[in-house]
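Colleague: I would like to go through this model with you and ask how each label was reached. Please set the value beside the cut-off each time.

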Amino acid sequence: MKVHGSCHCAQIAFTAEVNPQLTSVCHCQDCQKLTGTAFRVTAPAQAGSLQMLRGQPQVYVKVAQSGAQRAQAFCGNCGSQLFTYDVAQPAAVGLRVGVLDERAALVPTWQKWCRSSLAWTQNLAALEQAQGNARD
């Protein structure tokens, strides 16, 4: 499946090919901290398919507890998180689903680091729902 991604301010744009069946949710504490929320949703790009159309992201390299170095690509202007890759294997790129135009079609099929998950993330269906900000 071809996907189209861009940051919030539109200074960066890219395309890639993904297999929607590999979309995942990560509950690790690094993803929680880096996103400022409870988890992150990622779709791996097929090797060599990432094509930058506009702009170049900034990169922050985090070091995991295992010692692995993970590059976190983001827009230096608006801060949108775009993709990640292993510094030792840069061809394996994980796209951040929230910046993809096709995000509605990329339904996660599995979760990882569930031992770090926040309990309330396992069932959001019971929460009050509103189409906008009902609390204003």
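**The pocket**

Modeller: The largest pocket holds about 760 Å³ of space. Keep in mind that this is a predicted model.

Colleague: Which residues lie nearest the centre of the largest pocket?

Modeller: Those are Cys26, Cys28, Lys62, Arg70 and Trp113, out of 31 residues that line the pocket. Two or more lining residues come from each of β3 (24-26), α1 (29-35), β4, β6 (58-63), β7, β9 and β10.

Colleague: What makes a residue part of the lining?

Modeller: A lining residue has an atom within 4 Å of a point of the pocket.

Colleague: Why is tryptophan 113 called partly exposed?

Modeller: Buried means under 20% relative accessible area and exposed means over 50%. Tryptophan 113 has 43%, so it counts as partly exposed. Tryptophan 113 sits in the segment after β10. Its phi is positive, near 55°, though the residue is not glycine.

Colleague: Where is lysine 112, and why is it called partly exposed?

Modeller: Lysine 112 belongs to strand β10, residues 110-112. Beyond residues up to four places away in sequence, lysine 112 touches Ser24, Val25, Cys26 and His27. The C-alpha atoms of lysine 112 and phenylalanine 39 are 9.9 Å apart, while 73 residues separate the two along the chain.

**Strands and pairing**

Colleague: How do you know that β8 and β9 pair?

Modeller: Pairing needs at least two bridges, and β8 and β9 have 4, so they pair. The sense is antiparallel. A hairpin of 2 residues joins β8 to β9. Threonine 84 stands opposite glycine 94 in β9.

Colleague: What makes β4 and β9 a pair?

Modeller: Strand β4, residues 40-44, is joined to β9 by 3 bridges, and at least two are needed, so the two strands pair. They run antiparallel. Proline 44 has glycine 94 in β9 as its bridge partner.

Colleague: Why does threonine 42 count as buried?

Modeller: Its relative accessibility is 13%, under the 20% cut-off, so threonine 42 is buried. Threonine 42 is in strand β4. Apart from residues up to four places away in sequence, it touches Leu22, Thr23, Ser24, Gly94, Leu95, Arg96 and Val97.

Colleague: How do you know that threonine 42 and arginine 96 make a polar contact?

Modeller: The cut-off for a pair of N or O atoms is 3.5 Å. The side chains of threonine 42 and arginine 96 are joined at 2.8 Å, and this counts as a polar contact.

**The core and its surroundings**

Colleague: Which residues have the most contacts inside the largest nonpolar core?

Modeller: They are Val3, Leu82, Phe83, Leu95, Leu100 and Leu106, in a core of 20 residues. The elements giving two or more residues are β2 (13-17), β7 (69-74), β8 (81-86) and β9 (89-96). The largest share, 3 residues, comes from β8.

Colleague: What does valine 3 contact?

Modeller: With neighbours within four places in sequence left aside, valine 3 is in contact with Phe14, Thr15, Ala16, Val18, Leu95, Leu100, Glu102 and Leu106.

Colleague: Why is glycine 5 called buried?

Modeller: Glycine 5 has a relative accessible area of 5%, and buried means under 20%, so the label applies. Glycine 5 is in strand β1, residues 2-6. Not counting residues up to four places away in sequence, it touches Ile12, Ala13, Phe14, Val99 and Leu100.

Colleague: Is serine 80 buried or exposed, and why?

Modeller: Serine 80 is buried, because its 13% relative accessibility is under 20%. Serine 80 lies in the loop between β7 and β8. Its side chain reaches the backbone nitrogen of histidine 8 at 3.0 Å. Leaving aside neighbours within four places in sequence, serine 80 is in contact with Cys7, His8, Ala73, Phe74, Cys75 and Val99.

Colleague: Why is alanine 10 called partly exposed?

Modeller: Its relative accessible area is 38%, between the 20% and 50% cut-offs, so alanine 10 is partly exposed. Alanine 10 is in the loop between β1 and β2. Its phi is positive, about 70°, although alanine 10 is not a glycine.

Technical notes. Residues numbered from 1 in each chain as written. Predicted model: local features only at pLDDT ≥ 70, side-chain atom pairs only at ≥ 80, totals over all residues. Heavy atoms only, no water. Core = buried A, V, L, I, M, F, W, Y, C linked by side-chain atoms within 4.5 Å. Buried < 20%, exposed > 50% of the residue type's maximum accessible area, 1.4 Å probe, protein only. Contact = heavy atoms within 4.5 Å. Polar contact = N/O pair within 3.5 Å; in protein donor to acceptor, adjacent residues only side chain to side chain. 1 Å grid on protein atoms, 1.4 Å probe; cavity = no way out; pocket = protein on both sides within 12 Å on 5 of 7 lines; lining within 4 Å. Points joined across faces, edges and corners; volume = space filled by probe spheres on them.
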